[in-house]
Amino acid sequence: MSEKILIDTSVFVEGEIDPRVLVDWLARQDDVATSELVLAEFSVGIHAPSDPATRERARKFFTDYILPVPALPVLSQEFREVGRLIGDAIRHGKSRPSLGDGLIAMCALREDRTVATINIKDFTAMGVETVNPLK
Amino acid sequence: MKATAADVGRSFHEYLSRVMHGGMSVEITYHGRRAAVLSPLPGKMTGKEYATILSRHKPDSKTGNEVKRILQEQDEHERKNFDRHVRVR
């Protein structure tokens, strides 16, 4: 498999726990990127831990291993359009995606990218192609 | 940097080159008001390039699992709030 990939927050977290589970899969991809929204989501995990050493290690992972990945912007009109994407998924009883996942899905659809995520259900419910790199 | 719409219109290729190759953003004003921003889009990275970078990271289950727990709790909290306020049937 080789396609344009958008890496979701959940995959970066798995990479922080153990990068060996991702490296072989990554090496087979032609083009990887992430979303600015993913950077925002992961940043919560930098600032929330009560232990200062954990915060520092999370910040270092973010700086050294996430920031180098090209981050695609969220466009202003997507804030107005994301409600349709999430609302349709809810109305059809498929899932209840978060606002953050909705904006990541908008970015993936705009850029024609497959979302690499552990959270397959919510993205699939919004009509996005997905792949779970751990499987 | 800042530029007027008239300046950008006259020298569009020059400004675009600064954005694309210089990595700078141009804030464009129109009749004295901030109107738009011309910004670079991110470059391309292959999976192999990122695999090389990520493979330098030493596994850290303690930090990773703490970040995972926090993000999952935040996600559940947002979903509960959404259900409480929107009450979708």
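Chain B of this predicted model has four helices and three strands. Read from the N terminus, the elements of chain B follow the order β-α-α-β-β-α-α. A compact globule of 89 residues would have a radius of gyration near 12 Å, whereas the value for chain B is 23 Å. Along the principal axes, the C-alpha atoms of chain B fill a box of roughly 55 × 45 × 20 Å. Of the 89 residues in chain B, 10% are buried. Among the contacts in chain B with a separation of 6 or more, 22% are between residues 24 or more positions apart.

The strands of chain B come together in an open sheet of three strands, with the order 1-2-3 and mixed pairing. Strand 1 (2-4) and strand 3 (33-38) of chain B stand at the edges with a single partner strand each, so one side of each has no neighbour in the sheet. From one strand to the next, the twist averages 35 degrees. Strand 1 of chain B runs parallel to strand 2 (residues 26-30) of chain B, and three bridges join the two. Within this pairing, B:Ala3 has B:Ile28 in strand 2 of chain B as its bridge partner. As a reminder for readers new to such sheets, strands pair through backbone hydrogen bonds, either parallel or antiparallel.

The C-alpha atoms of chain A fill a box of roughly 45 × 35 × 25 Å, taken along the principal axes. Buried residues account for 43% of the 135 residues in chain A. Of the contacts in chain A between residues at least 6 apart in sequence, 66% join residues at least 24 apart.

Strand 1 of chain A takes part in two pairings described here. With strand 2 (residues 31-35) of chain A, strand 1 (residues 4-7) of chain A runs parallel, and three bridges join them. In that pairing, A:Leu6 stands opposite A:Ala33 in strand 2 of chain A. Three bridges also join strand 1 of chain A to strand 4 (residues 114-116) of chain A, again in a parallel arrangement. Here A:Ile7 has A:Ala116 in strand 4 of chain A as its bridge partner.

The helices of chain A come next. Helix 1 (residues 9-17) of chain A is largely enclosed by the rest of the structure, because seven of its nine residues are buried. The buried residues of helix 1 of chain A are A:Thr9, A:Ser10, A:Val11, A:Phe12, A:Val13, A:Gly15 and A:Glu16. Helix 3 of chain A contributes A:Leu39, A:Phe42, A:Gly45, A:Ile46 and A:His47 to the contact, while helix 4 of chain A contributes A:Arg55, A:Ala58, A:Arg59, A:Phe62 and A:Ile66. The residues of this contact between helix 3 and helix 4 of chain A divide into six nonpolar, two polar and two charged.

One loop residue of chain A may also be picked out. A:Asp30 lies in the loop between helix 2 (20-27) and strand 2 of chain A. With 13 other C-beta atoms within 10 Å, A:Asp30 is partly exposed. A:Asp30 and A:Ile120 are 90 residues apart along the chain, and their C-alpha atoms are separated by 21 Å.

Finally, the two chains meet each other. Their contact takes 37 residues from chain A and 29 residues from chain B. On the side of chain B that touches chain A, helix 3 (47-54) and helix 4 (61-86) of chain B each supply at least two residues. Helix 4 of chain B provides the largest share of that side, 13 residues. By type, the residues of the side of chain B that touches chain A divide into 11 nonpolar, 10 polar and eight charged.

Note on methods. Residues numbered from 1 in each chain as written. Chains lettered and ligands numbered in written order. Predicted model: local features only at pLDDT ≥ 70, side-chain atom pairs only at ≥ 80, totals over all residues. Contact = placed C-beta atoms within 7 Å. Nonpolar A, V, L, I, M, F, W, Y, C, P; charged D, E, K, R; others polar. Pairing = 2+ DSSP bridges. Buried ≥ 20, exposed ≤ 12 C-beta atoms within 10 Å, placed from the backbone. Axes fitted to C-alpha atoms, helices over the stretch in contact; angles between N-to-C directions. Rg over C-alpha atoms; globule rule 2.2 N^0.38 Å.
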